[in-house]
Amino acid sequence: MPLLFCITLIPLTNELNRADCGYQVHGTKRKISHLLYMDDLKLLGRNENVLKNEMKIVQTIRKDINMNFGLEKCARICLKRGSVQSKLHVGSTFENDFKELDPRKACKYLGVEESFHIQHKNEKEELKKEYFRLRLVLGTELSAKYKIQAIRSLAVPVLRYSFGIINWHQELQKLDWKTRKLLTIHGQHHPKTEGRGLMQLEAAHAVEITKLVEM
């Protein structure tokens with residue numbers, strides 16, 4: 001079912017790309033108008049008019065595929081030269097259904113709370129709590145192979161989504177050390193091995209940052 005859902009949204013991302021709007025990546029001709037992962041969509045526009053055009057595209061595709069949006073979870077914010085701007089009046093009911101994001105509050109995207117400012121310290125603490133739920137996996141009766149697979153699928157992505165958004169600095173090295181320690185305690189990792197194929201967080205961070213630079 002997730003695969004079918006993603007296939008259904010291909011026309012949406014194609015139309016947004018074809019519109020040739022959004023922000024141009026420095027040093028390239030590529031423009032980024034949206035970020036889409038499963039059912040999480042973020043629209044990016046240089047100004048209010050561009051954003052309106054993007055929202056019209058979303059509305060058209062929504063009608064074509066008969067999909068309902070959870071507008072109560074949606075919000076918008078307009079920034080100009082580092083200052084929050086008040087919302088301009090727009091035409092359609094669909095566009096007006098989006099509430100203004102209070103600069104003192106945040107909107108969550110892929111598990112990361114984002115607003116005018118990202119509270120990096122608070123976000124990192126929350127993400128680390130989610131990540132170390134891997135203890136629950138290690139406490140199960142799964143074989144070593146499937147425990148590692150579960151950690152790769154359920155724990156590592158929690159942090160991986162934040163790479164390029166949250167400033168981790170040298171903290172990933174400490175998290176890698178703590179992870180290896182937990183694996184050793186639960187008999188899943190020998191200090192002189194590579195952790196049965198579990199990619200280190202530092203390495204995963206380097207891969208994601210490289211992908212972002214090469215986009």
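A residue counts as buried when its relative accessible area is under 20%. Isoleucine 61, with a relative accessible area of 9%, is therefore buried. This assignment, like every other value in this report, rests on a predicted model.

## Overall composition

The protein has 215 residues, and buried residues make up 31% of them. Its secondary structure comprises 9 helices and 10 strands. For contacts between residues at least 6 apart in sequence, 59% join residues at least 24 apart.

## Isoleucine 61 and helix H3

Isoleucine 61 belongs to helix H3, which covers residues 48-65. Once neighbours within four places in sequence are left aside, isoleucine 61 is in contact with Pro11, Leu12 and Glu15. Leucine 12 is 49 residues away from isoleucine 61 in sequence, yet the C-alpha atoms of the two residues are 6.0 Å apart in space.

Asparagine 66 is placed in the loop between H3 and strand E5 (75-76). Although asparagine 66 is not a glycine, its phi is positive, at about 55°. With a relative accessibility of 70%, which is over the 50% cut-off, asparagine 66 counts as exposed.

A positive phi also occurs at aspartate 20, another residue other than glycine, where the value is near 55°. Aspartate 20 is located in the loop between helix H2 (10-18) and strand E1 (23-24). Its relative accessible area is 48%, so aspartate 20 is partly exposed.

Strand E3, residues 34-37, pairs with strand E4, residues 40-43, in the antiparallel sense, and the pairing extends over 4 bridges. Leucine 36 has leucine 41 of E4 as its bridge partner. Tyrosine 37 stands opposite aspartate 40, also in E4. The hairpin has 2 residues between the strands, and methionine 38 takes a positive phi near 55° there.

## Helices H8 and H9

Helix H8 spans residues 171-185 and helix H9 spans residues 201-214; their axes come within 8 Å and cross at roughly 140°. On the H8 side, the contact is made by Leu172, Gln173, Leu175 and Asp176, while H9 contributes Leu201, Glu202 and His205. Sorted by class, the residues of this contact are 3 nonpolar, 2 polar and 2 charged.

Leucine 172 lies in helix H8 and is buried, having a relative accessible area of 3%. Beyond its neighbours within four places in sequence, leucine 172 is in contact with Phe163, Leu201, Glu202 and His205. Between leucine 172 and leucine 159 the C-alpha to C-alpha distance is 9.6 Å, and the two residues are 13 apart in sequence.

The loop between H8 and H9 contains histidine 186. Histidine 186 has a relative accessible area of 31%, so this residue is partly exposed. Not counting residues up to four places away in sequence, histidine 186 touches Leu138 and Gly139. Alanine 144 is 42 residues from histidine 186 in sequence, and their C-alpha atoms are 9.7 Å apart.

The C-alpha separations described in this report are collected below.

| Residue pair | Separation in sequence | C-alpha to C-alpha distance |
|---|---|---|
| Isoleucine 61 and leucine 12 | 49 residues | 6.0 Å |
| Leucine 172 and leucine 159 | 13 residues | 9.6 Å |
| Histidine 186 and alanine 144 | 42 residues | 9.7 Å |

## The aromatic pair

A search of the whole structure returns 1 aromatic pair. The pair consists of tyrosine 131 and phenylalanine 132, whose ring centres are 5.0 Å apart. Their planes stand at 75°, and planes over 60 degrees apart count as edge-to-face, so the pair is edge-to-face. Tyrosine 131 is buried, at a relative accessible area of 2%. Phenylalanine 132 also counts as buried, at 9% relative accessibility.

Technical notes:
Residues are numbered from 1 along each chain as its sequence is written. This is a predicted model: local features need pLDDT of at least 70, side-chain atom pairs count only at pLDDT 80 or more; totals for chains, interfaces and linings use all residues. Side-chain values use heavy atoms; hydrogens and water are left out. Two strands pair if DSSP finds at least two bridges between them. Axes are lines fitted to C-alpha atoms, for helices over the stretch in contact, and angles run from 0 to 180 degrees between N-to-C directions. Contact means heavy atoms within 4.5 Å. Ala, Val, Leu, Ile, Met, Phe, Trp, Tyr, Cys and Pro count as nonpolar, Asp, Glu, Lys and Arg as charged, and the others, Gly among them, as polar. Rings of Phe, Tyr and Trp (its six-membered ring) pair if their centres lie within 6.5 Å; planes under 30 degrees apart count as stacked, over 60 as edge-to-face and the rest as tilted. Buried means under 20% relative accessible area, exposed over 50%, partly exposed in between (1.4 Å probe, protein chains only).
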